[in-house]
Amino acid sequence: MGEDPQAIRDEIEATREQMGDTVEAIGYKTDVKARAKESVSEKTDAIKDKVSGVVGRASDRTPDAGDVKDGAKQAASVAQENPLGLAIGAVAVGFVAGMLIPSTSVEEEKIGPMADQLKDKARETGQQAVEHGKQVAQDVAQSAQETVRESGQEHAQELASAASSQ
């Protein structure tokens with residue numbers, strides 16, 4: 001019992017501080033709504049950071065106008081290398097369009113069975129031309145894709161080397 005009154009006061013003050021901290025911690029733990037908002041806010045910020053990083057990287061990888069023009073020029077050169085394929089494709093498209101237009105009764109009377117044979121033969125030739133035209137178009141598209149992909153990879157390598165040199 002012979003304790004110093006100042007020591008007792010200090011002990012009481014320390015106990016009050018500890019109790020205040022304990023009450024505050026209990027209040028935080030019981031305030032589920034505030035904790036949920038805080039958690040959602042933290043996760044939202046993290047997602048925003050990730051999205052902005054992905055968008056930044058995507059814009060770095062996107063080919064510029066010059067790359068796209070080069071790809072288009074290469075596609076045009078493939079078309080110039082194979083003009084016959086494009087002409088056959090155009091004829092086939094025109095033929096198919098003509099076949100879709102219904103024939104008249106006069107045409108049926110005058111031309112009749114010979115027209116049917118000619119249509120069958122033309123349909124077969126047109127189908128072959130369409131297939132060839134599709135192949136040419138696929139080659140052009142593939143060439144353009146490869147050009148864009150290669151230029152994108154080169155661009156990414158340039159950025160990586162520039163970033164590593166800094």
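Biologist: Let's start with confidence: what share of the residues score at least 70 in pLDDT?
Modeller: Keep in mind that this is a predicted model. The chain averages a pLDDT of 76. As for the residues that score at least 70, they come to 86%.

Biologist: Which helix has the lowest mean pLDDT?
Modeller: At the top end, helix α1 (residues 5–30) has the highest mean, 85. Where pLDDT is low, the predicted coordinates should not be read in detail. The lowest mean, 72, belongs to helix α3.

Biologist: How many helices and how many strands are there in the chain?
Modeller: Going from the N terminus, the elements read α-α-α-α-α. That leaves us with five helices and zero strands.

Biologist: What percentage of the residues is buried?
Modeller: Buried here takes a relative accessible area under 20%. The chain has 166 residues and exposes about 13,300 Å², with carbon and sulfur atoms supplying 58% of that area. The buried residues make up 12%.

Biologist: Among contacts between residues at least 6 apart in sequence, what share joins residues at least 24 apart?
Modeller: A contact here needs heavy atoms within 4.5 Å. Among the contacts you ask about, the share is 79%.

Biologist: Is Ser-151 buried or exposed?
Modeller: Ser-151 sits in helix α5, and its C-alpha atom is 9.3 Å from that of Gly-71, 80 residues away along the chain. Its relative accessible area is 12%, and the cut-off is under 20%, so Ser-151 counts as buried.

Biologist: On to the largest pocket: which helix gives the most to its lining?
Modeller: The pocket holds about 270 Å³ of space. Of the 13 lining residues, Met-99, Ile-101, Ser-103, Glu-107 and Lys-119 are the closest to the centre. Helices α4 (83–100) and α5 (105–165) each supply at least two lining residues. The most, eight residues, come from α5.

Terms used. Residues numbered from 1 in each chain as written. Predicted model: local features only at pLDDT ≥ 70, side-chain atom pairs only at ≥ 80, totals over all residues. Heavy atoms only, no water. 1 Å grid on protein atoms, 1.4 Å probe; cavity = no way out; pocket = protein on both sides within 12 Å on 5 of 7 lines; lining within 4 Å. Points joined across faces, edges and corners; volume = space filled by probe spheres on them. Helix = DSSP H or I, 4+ residues; strand = E, 2+ residues; numbered from the N terminus. Buried < 20%, exposed > 50% of the residue type's maximum accessible area, 1.4 Å probe, protein only. pLDDT = per-residue confidence, 0-100. Areas by Shrake-Rupley, 256 points an atom, 1.4 Å probe, with all protein chains shown as cover.
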